Amino acid sequence: MSSSGRNQVHYEVFTRKTPASSWVLQMATEDRALALQNAEDMMTHSAGVKVNKEMMDAGTGEFSSATIFNKGAPEPKRKVKLAPETDTICVSPQDLYNVHAREKVGRLLEDWLKRNHVTPFELLHRPDLVEKLEASGTELQHVVQKLAIPESQETGQDLHDLMRRWRALIDRSCTRVIEDGRRKVFPDIDAANFLGMVDKLHDHGERAYMLGGGICKFIAKAAGSGPAAKLGALLTLGKQLNEGLGGREWAMQLLEIPVSELFGTRTSMNELLGYEADLGDAMAVMTRMAAGHEVDLIAQIDPRVAKMIPPLTGSLAGYHELMASNCFPHLSQDIQKRLMAELKGPRRLKPGNPEAEIEILRALALCLTAAGKEQHQRDDIKEAFIERSKMLVSTDFVESLTRAGKTSAEEVERLIWLCENVVGASNKRQAARWMISAIGALKFERDMRDANTSAAHRLQLLAHMQRRIKNATLMDKDTEEACLKLGQVGGMIAQDVQLIPHLLRAPGGPVQKLTLLLGFASGMAAPLGPVSDQAKGEAMKLFRMPELRQMLGENPNALAELRPMMVAAGMAA
């Protein structure tokens, strides 16, 4: 190993006293077997042991290392410490108009903005609102504290210095807007002169600030009617821009800001719809706006989707047309984010109506999944619906869903429907547990064996349930258990009325009896289980009758009609 023509190799043994401790070198040797043996011995009084193979290149003199043995508790993941951000994001009044600053204004002044029915964009461009905010007393002082205290804790800077700096910035920003309002810097805009004003401000150094002030003056005239009136006023400007967009894209981007903020308020959707919409209706509207093309395509195939997500009207239809023209890309993204957030949230889509809630969720899942263009979008949508499905398998929801069932059979059918519509392995498992418990209940067995209903009808119902369960993509174990229980109940019903013996004694030709037996054996007229097994055995006996063979040979059409049932029953290839 020590010759100059070869790479030198040795082995180093390290130990850790606790999982969080650092590695400590215990020995180094050129004997691999000795290193491994000592590592095993040291493991008895250590939390972890490893052996590294160290190789020195004779030509370069550099070492390379490889771990050949590692045993014990895994190393804990250590958090990477990020350097604190010592620079304040906003240092001038102009900085308050970027997207991050507006979002922060919305969070810090959320209650004040709600009380005054305005958005951050309006506050930053309307002198009357700024004066009202300054006169409110402690509002701005609370904002200063909310900004300065976290920054001081993160950076270690003096708290009072930061508070003075933030207060000075806010004062300069307020003074600027108020003075610009007094000097009538903001243009007067209406539907007639809007495009001309956009062109006039095109080369202005602060065109966005100027036009934003003019837009806020324009929509302030409609403020008495709330967000719906403001959105209606903004829609007229957006349509004009869309018709003559060349060179005016910057104005459309600016116009999108107040539109997005207004759509983000919880009251805007109800005002636009004209009634107090529940969350399900609101999400249906948002889905139609964000994925209108996909909704139309699916609605042509599935009428239930057309019913749950109806076409848009009024201002909503106008904004949908603008979004379809790629005028408001950020609005579309904001709507999709809100959809995902609401799906993951705790609010019921249809309070007090579990059937409608499952229906609307099914429609939303179809449309949003179809609208997901990228894999990460589809993954986010899937995750959101898995999260929402957790609510559907909760005790409260299941009780409200089954409470409306008039019979135990209806309760089971509702639970099968639940299994068909929830997503996620754990949610499917929980839904299956509810269903299997209902099928195995004495009440279900007693109701299904009730002689007041014909045995044929009850057996067909059980067979239908069985087929739905097999198509519900449950775990194999749950599917087998549920189908087995249904088959056992079907066997009891058949035994109660002596179904198969009665069928064989009844008048009729062998072909007719064979057809009935194959219906039972194939799982179409009765559930698979004891009934189907008994029917299959009797059908095999009939096949051996020369009379029947002759009749089927003389009538190929009858044999062709029976073949699908024979295949389903496992009696023909």
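Author: What follows is a short exchange on those topics.

Author: This is a predicted model, in which local features need pLDDT of at least 70 and side-chain atom pairs count only at pLDDT 80 or more, while totals for chains, interfaces and linings use all residues. Residues are numbered from 1 along each chain as its sequence is written, and side-chain values use heavy atoms, with hydrogens and water left out.

Reader: Which residues touch the most other members in the largest nonpolar core?

Author: Leu211, Tyr319, Phe328, Leu418, Met435 and Phe444, out of 153 residues in that core. A nonpolar core here is a set of buried Ala, Val, Leu, Ile, Met, Phe, Trp, Tyr and Cys residues joined through side-chain atoms within 4.5 Å. Buried means under 20% relative accessible area, exposed means over 50%, and partly exposed is in between (1.4 Å probe, protein chains only).

Reader: And which helix gives this core its largest share?

Author: Helix H11 (residues 249-263), with nine residues. Helices (H or I, at least four residues) and strands (E, at least two) are DSSP runs, numbered from the N terminus. Another core, of ten residues, lies apart from the largest one and includes Met27 and Val49.

Reader: What is Phe444 in contact with, leaving aside its neighbours within four places in sequence?

Author: Its partners include Ser408, Val412, Ile439, Leu462, Met465 and Leu486. Contact means heavy atoms within 4.5 Å.

Reader: Next, Leu237. Buried or exposed?

Author: Leu237 is buried, at a relative accessible area of 0%. Leu237 sits in helix H10 (residues 227-243), and beyond four places in sequence it is in contact with Phe194, Phe218 and Leu255.

Reader: Changing topic. Which phi value does Lys184 have?

Author: Phi of Lys184 is near 55°, a positive value in a residue other than glycine. Lys184 lies in the loop between helix H7 (159-182) and helix H8 (194-200) and is exposed, with a relative accessible area of 72%. Asn326 also has a positive phi, near 65°. Asn326 is in the loop between helix H16 (314-324) and helix H17 (329-344), and is exposed at 65%.
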